[in-house]
Amino acid sequence: MAISQRERGKQGRGSAMVMGIALVVVCVLLAGEPASAVSFHGRRPFRPPVRIPVRLPVRKIYPVGGNGMWMLGSKVSYNKWAASKVFRQNDQLLFSFNPTFHNLMLVSAAEYVSCSPRKPIAIYRKGKVSFNLAKRETYFFICGIPGHCQAGMKMAVKVL
Ligand SMILES: [Cu+2]
């Protein structure tokens, strides 16, 4: 039995509708794909880099003793001054001194206690030093010129 033109037309519209629905379903499935999934051809879909704002803590700069002078006869005890502050990681200490008469040494706890400048961890001989408190530990400073540490040029700085 021959199918009339009208019937054929109906059939054609019917299959077009089915195709349309199928396409919509595929689109929905693709859209619902998790972001981490690998897309076609094994390539990851391009995604622009996400910039996560990093909030660095505000670094404070502390001139030693309040005025930055690393010297004999300082009006403030360096340790009293240091104890009055809360030092945080990456804060900085500023030391200003006359390099003809003084230096700055970073030493071990033992050398700090005994005022021994024999095996410093670091020596600074230029009169301007900005020392970065990079670690959460206690830093020990002395002046390595004989007698100066005993006379008060010593300071322990605890970094929280
Ligand atoms: Cu000195």
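Leaving aside residues up to four places away in sequence, Cys-149 touches Cys-115, Ile-142, Cys-143 and Lys-154. Contact here means C-beta atoms, placed from the backbone, within 7 Å. The model is predicted: local features need pLDDT of at least 70, side-chain atom pairs count only at pLDDT 80 or more, and totals for chains, interfaces and linings use all residues. Residues are numbered from 1 along each chain as its sequence is written.

Strands (E, at least two residues) and helices (H or I, at least four) are DSSP runs, numbered from the N terminus. Cys-149 is buried, because 22 other C-beta atoms lie within 10 Å. The cut-offs are 20 or more such atoms within 10 Å for buried, 12 or fewer for exposed, and partly exposed in between, with C-beta atoms placed from the backbone. Val-113 is 36 residues away along the chain, and its C-alpha atom is 9.6 Å from that of Cys-149.

Cys-115 belongs to the loop between α3 (109–113) and β4 (122–124). With 18 other C-beta atoms within 10 Å, Cys-115 is partly exposed. Its phi is near 50°, a positive value in a residue other than glycine.

Now turn to the sheet. Three strands form an open sheet in the order β1-β2-β5, with mixed pairing. β1 (61–63) and β5 (128–132) are the edge strands; each has a single partner, so one side of each lacks a neighbour in the sheet. Neighbouring strands are turned by 25° against each other on average, direction ignored. That angle is taken between lines fitted to C-alpha atoms; in general angles run from 0 to 180 degrees between N-to-C directions, and helix axes are fitted over the stretch in contact.

Strands pair if DSSP finds at least two bridges between them. β2 (residues 92–96) and β5 are antiparallel, over five bridges. Leu-93 stands opposite Phe-131 in β5, and Ser-96 has Lys-128 as its bridge partner there. β1 and β2 run parallel over three bridges, with Ile-61 opposite Gln-92. The covered face of β2 carries Leu-93 and Phe-95; the uncovered face carries Gln-92, Leu-94 and Ser-96.

Asn-90 lies in the loop between α2 and β2. Its phi is near 75°, positive in a residue other than glycine. Asn-90 is partly exposed, with 16 other C-beta atoms within 10 Å.

Notes: Two residues are in contact if their C-beta atoms, placed from the backbone, lie within 7 Å.
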